[in-house]
Amino acid sequence: MQEQKIPYKIYLQENEIPKQWYNMRADMKNKPAPLLNPGTLKPMTAEELAPVFCEELVAQELNNTDAYIDIPEEIQNFYKMYRPSPLIRAYFLEKALDTPAKIYYKFEGNNTSGSHKLNSAIAQAYYAKKQGLKGVTTETGAGQWGTALSMACSYFGLDCKVFMVKVSYEQKPFRREVMRTYGASVTPSPSETTQIGKKILAEHPGTTGSLGCAISEAVEVAVGSEGYRYVLGSVLNQVLLHQSVIGLETKAALDKYGIKPDMIIGCAGGGSNLGGLIAPFMGEKLRGEADYRIIAVEPASCPSFTRGKYAYDFCDTGMVCPLAKMYTLGSSFIPSANHAGGLRYHGMSSTLSQLYHDGFMEAVSVEQTSVFEAAEQFARVEGILPAPESSHAIRVAINEALKCKETGEEKTIVFGLTGTGYFDMVAYEKFHDGLMTDQIPTDEELEKSLSALPNVPEN
């Protein structure tokens, strides 16, 4: 394949947008451990999940057997507003690094919400509307998920109640205002509007909040409000399923030019972007058809893969949600308020946790000052201001490209650029003003939160 024949941007045609989502669990020999009822410690049934989630989403959450699930036509039509998204060859970054590596990134920021989150938001809103619901509740950290869900709910005429992690609510007012523009109500979490919020505030006065807190509040409101259900932007199996459109498009674009990546790199918070990006490549790996080096990148401030424990834990701080077996820092863990790079969830997707535990992927943690250094370097040569979350993947992609410079290896690197950082300028300002520091939890702090893990007997 001649180098010059590979364009700067590789676009698929509209008719090449995936018509089915890919379910990695169908090809996993060791299935993710089931969600458990915290009261009985038995696997959650569809009937038990139905009061919290939409019926069709419950079915997707529990589906471990169907490799491909049809995307409804109405969702396909919505995808055409911003998909297919481009796969971009980072020629300018390669030149700046003077590396023989070939670097590609899948850019998911070319929609109004500014990130990949819309891929699942529109699906979850569609199923809520199909079920005849009035609205949905959710949590959001950095704000990408809340923004995407607000946009999707507006499209379908659904009410949207968002609980936003308090530190992000205060640091990112413009993200909040986009949600309100689309008709959502946005409440800083923890709040005085729920019983769980009041309890958390009483126990932790002045807390800056966490995704675990916001999840608890959103679930409480959903369960207590007729005609509402709770939806989630990451972690769950159904979300990774919807996000598989990212990886399916990426692989199709690479296949057009006969390109086989050596490594696929994604940022990892709860798992939505990473799981979506790697899905078809992991499928080939699970089936023994091909091999890839798959790298999850997480913040050193919230290192669930690299310093967490693989165990059953609550998905939320209020301990009202089901138990999930995952790499976790403990549901009471709250990242430092100085942590500005997103990816703040205390645990990791059960699907990705199982794959990591079985050795199908690796994980590294990076400090936030080095993440923002990589973001700035990328922005200056590639012309896109990246979201802080995405910049974790950029950091490691640059690191791996520099290793290729040292060894002379011409490896092909693919990473996920989950979205843009134009609503994250407070974080960029702190970095530029020298006010950003690297807050890494101590072993003692992690031991404290991990000591409160629920006692779930091993089978």
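Modeller: We can begin with the largest pocket, which holds about 580 Å³ of space. The model is a predicted one, in which local features need pLDDT of at least 70 and side-chain atom pairs pLDDT 80 or more, while totals for chains, interfaces and linings use all residues. Residues are numbered from 1 along each chain as its sequence is written, and side-chain values use heavy atoms, without hydrogens or water.

Colleague: Which helix gives the most to the lining of the largest pocket?

Modeller: The lining comprises 23 residues, and those nearest the centre of the pocket are His204, Ser332, Phe333, Ile334 and Ser449. On a 1 Å grid over the protein atoms alone, a pocket is an open set of points with protein on both sides within 12 Å along at least five of seven lines, and lining residues have an atom within 4 Å of a point. Helices (DSSP runs of H or I, at least four residues) that each supply at least two of the lining residues are H9 (195-203) and H18 (443-450). With four residues, the helix that gives the most is H9.

Colleague: How much space lies in the largest cavity?

Modeller: There are four cavities of 30 Å³ or more in the structure, a cavity being a set of points where a 1.4 Å probe fits but cannot get out. Among the 30 residues lining the largest cavity, Lys117, Leu211, Ser234, Gly270 and Leu343 are the closest to its centre. The volume, taken as the space filled by probe spheres set on the points, is about 420 Å³.

Colleague: Which helix gives the most to the lining of the largest cavity?

Modeller: Strand E6 (135-140), with strands being DSSP runs of E of at least two residues, supplies at least two lining residues, as do helices H6 (144-156), H10 (211-223) and H12 (272-287). The one that gives the most, with three residues, is H12.

Colleague: Which helix gives the most to the lining of the second largest cavity?

Modeller: The second largest cavity holds about 60 Å³ of space, and its lining includes Tyr22, Arg25, Ala279 and Thr351. Three of the lining residues come from the helix that gives the most, residues 237-256, which is H11.
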